[in-house]
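Thanks, everyone. Let's go through the pockets, the cavities and then the helix packing. Here it is on the screen.

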Amino acid sequence: MKLLIKTLSLITSLVFISACTKAQPNDPPETMVSADTEVEPIIIGNKLRIYSEVLGEEKELYISLPPMYNQHVQSYPVVFALEAEYLFEATSTVARYMSSRSKMPESIIVGIANGEFDKRHEVGYKRWGGKPEAYIRFFKQELIPYLEENYRVNSHRTVIGLSPSTGFLFEVFSSHPGLFKAYLALSAHLEWDRIVGSDLFDEVISKNNDPNYPKSVFYFARAASDFPTFVNSEEKFNDALSRLENYTADRVKIKVDIMDEEEHYLMALAGLRSGFEAIYPNNIWRNPGWAGWDKEADYAQKYFINYYDELSSLYGFDIYPVENAHGYGFSLTGKVHSAKRFGTNQQVMELAKLGIDYYPNSAQLHMDLAEAYKKNGDITLALEAGEKAVELAYMYKSKNLQVFRQRLTELKGR
């Protein structure tokens, strides 16, 4: 009951901020924009504040939702970025690029801001004045319940730390297994002991032999330029790489990177890409495309249903193909487009029907199906699907509403 009261208190004390992150804070010079030009902000996420009873203070969150989140129906994994002021935009961008190329699932990105620069040390080691135990309770009792109440999140959670804030990752990995599925430690200090006399890499690798420890992924990365400055850092990373040569990941998958051409904080960009790849390996996350075109193949079954069912089983949550992406070869609507050009009308219908199973609110897929029905001679079904497409385009304020209306007119033969 106490936990419920805290959660309700957190939710009712929310103060939403209408601010968003923009490309530029000021209006553009008048000489660059005509008088009738409409200037719109570029929104990459929203800010909101929640009051944490556990921490006894207000925390600022940055939240980025997947494309067309309000139109879609599925739940998403969550990626938490500590030090949001520095990591949030980069994390959102890398995740969006990778998901659009079918290299990871679309995800909700949540950044936890520090406010003051030195507050990042609060999630560091307890022995150095951090209060990781309080932040663990904040996640468990307040933040995660809030997200579950207000967003379509699933139980697959990744946490990202940078330099001193990686201390939180080691603390929660050791004391609260299962809270996160994956840990990305950027600019990780393997030379810093969490407990006097302990070894960080030993602590992580030892969990691999614990049959009760939940399966997880731990990624460590460091810029080689750090090594001359931080005593024992190079030795610790080289030792970790050596120990992984004969390592078999039964419970804990581990990946270690030494980045030769990177710098202490700047390595975060390359580290995010490599870290996500540790969770979603390239040899598993292939683009479900094809070379050439076999008009006898059931592409819906072979390249989508079977493939994404296997991924969903492997990760423990429903994983969908991308509806739309930058490039025809990496999305359902793109495959439908290619099927129209190179395949058969039957393949168009199969792919469009499958797409609607995944994305029932897609105006594009409904219109594709409508046109395939008409080509097949099923006028009644064609009009039903076409009218549904226009209804959805209107409901979700599609910029292509007039295009869909024109296509519906053509379906009616007018």
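Start with the second largest pocket: 18 residues line it, and Lys215, Ser216, Val217, Leu314 and Tyr315 lie nearest its centre. The elements that give two or more residues to this lining are β6 (153–162), β8 (216–223), β9 (252–259) and α8 (299–315). The second largest pocket holds about 530 Å³ of space. By class, its lining has nine nonpolar, four polar and five charged residues.

Some ground rules. This is a predicted model, where local features need pLDDT of at least 70 and side-chain atom pairs count only at pLDDT 80 or more, while totals for chains, interfaces and linings use all residues. Residues are numbered from 1 along each chain as its sequence is written, and side-chain values use heavy atoms, with hydrogens and water left out.

Now the terms. Helices (H or I, at least four residues) and strands (E, at least two) are DSSP runs, numbered from the N terminus. On a 1 Å grid over the protein atoms alone, a pocket is an open set of points with protein on both sides within 12 Å along at least five of seven lines; a cavity is a set where a 1.4 Å probe fits but cannot get out; lining residues have an atom within 4 Å of a point. Grid points join across faces, edges and corners, and a volume is the space filled by probe spheres set on the points. Nonpolar means Ala, Val, Leu, Ile, Met, Phe, Trp, Tyr, Cys and Pro; charged means Asp, Glu, Lys and Arg; the others, Gly among them, are polar.

Next, the largest pocket. Its volume is about 1400 Å³. It has 42 lining residues, with Pro66, Pro67, Met68, Tyr69 and Arg96 nearest the centre. β3 (57–64), α2, α11 and α12 (379–395) are the elements that give two or more residues to the lining. Which of them gives the largest share? That is α2, with seven residues. The lining of the largest pocket divides into 18 nonpolar, 16 polar and eight charged residues.

**Cavities**

How many cavities of 30 Å³ or more are there? The count comes to three. The largest cavity contains about 130 Å³ of space. Of its 18 lining residues, Gln74, Pro105, Glu106, Ile319 and Tyr320 are the closest to the centre. Twelve residues of that lining are nonpolar, four polar and two charged.

The second largest cavity comes to about 80 Å³. Among its lining residues are Ser64, Pro66, Pro67, Arg96, Pro105 and Glu106. α2 again: the largest share of this lining, four residues, comes from that helix. The lining of the second largest cavity has six nonpolar, four polar and two charged residues.

**Helix packing**

Helix α2 (residues 84–100) and helix α7 (residues 268–279) cross at roughly 45 degrees, and their axes come within 10 Å. Axes are lines fitted to C-alpha atoms, for helices over the stretch in contact, and angles run from 0 to 180 degrees between N-to-C directions. α2 and α7 are therefore oblique to each other. On naming: under 35 degrees is roughly parallel, over 145 roughly antiparallel, 65 to 115 roughly perpendicular, and the rest oblique.

The α2–α7 crossing is right-handed. That applies if the near helix is turned clockwise from the far one by less than a right angle; anticlockwise is left-handed. Leu87, Ala90, Thr91, Val94, Ala95 and Met98 of α2 meet Ala268, Leu269, Leu272, Arg273, Phe276 and Glu277 of α7. Contact means heavy atoms within 4.5 Å. By class, this contact has nine nonpolar, one polar and two charged residues.

Next pair. Helix α11 (residues 363–375) packs on helix α13 (residues 401–411) at about 15 degrees, axes 11 Å apart. That makes α11 roughly parallel to α13. Here the crossing is left-handed. The contact includes Ala363, Met367 and Lys374 of α11, and Phe404, Arg407 and Leu411 of α13. Six of the contact residues are nonpolar, one is polar and five are charged.

Last pair. Helix α3 (residues 132–150) and helix α4 (residues 166–175) pack at about 70 degrees, with axes 10 Å apart. So α3 is roughly perpendicular to α4. Pro132, Tyr135, Ile136 and Phe139 of α3 touch Phe168, Glu171, Val172 and Ser175 of α4. By class, that is six nonpolar, one polar and one charged.
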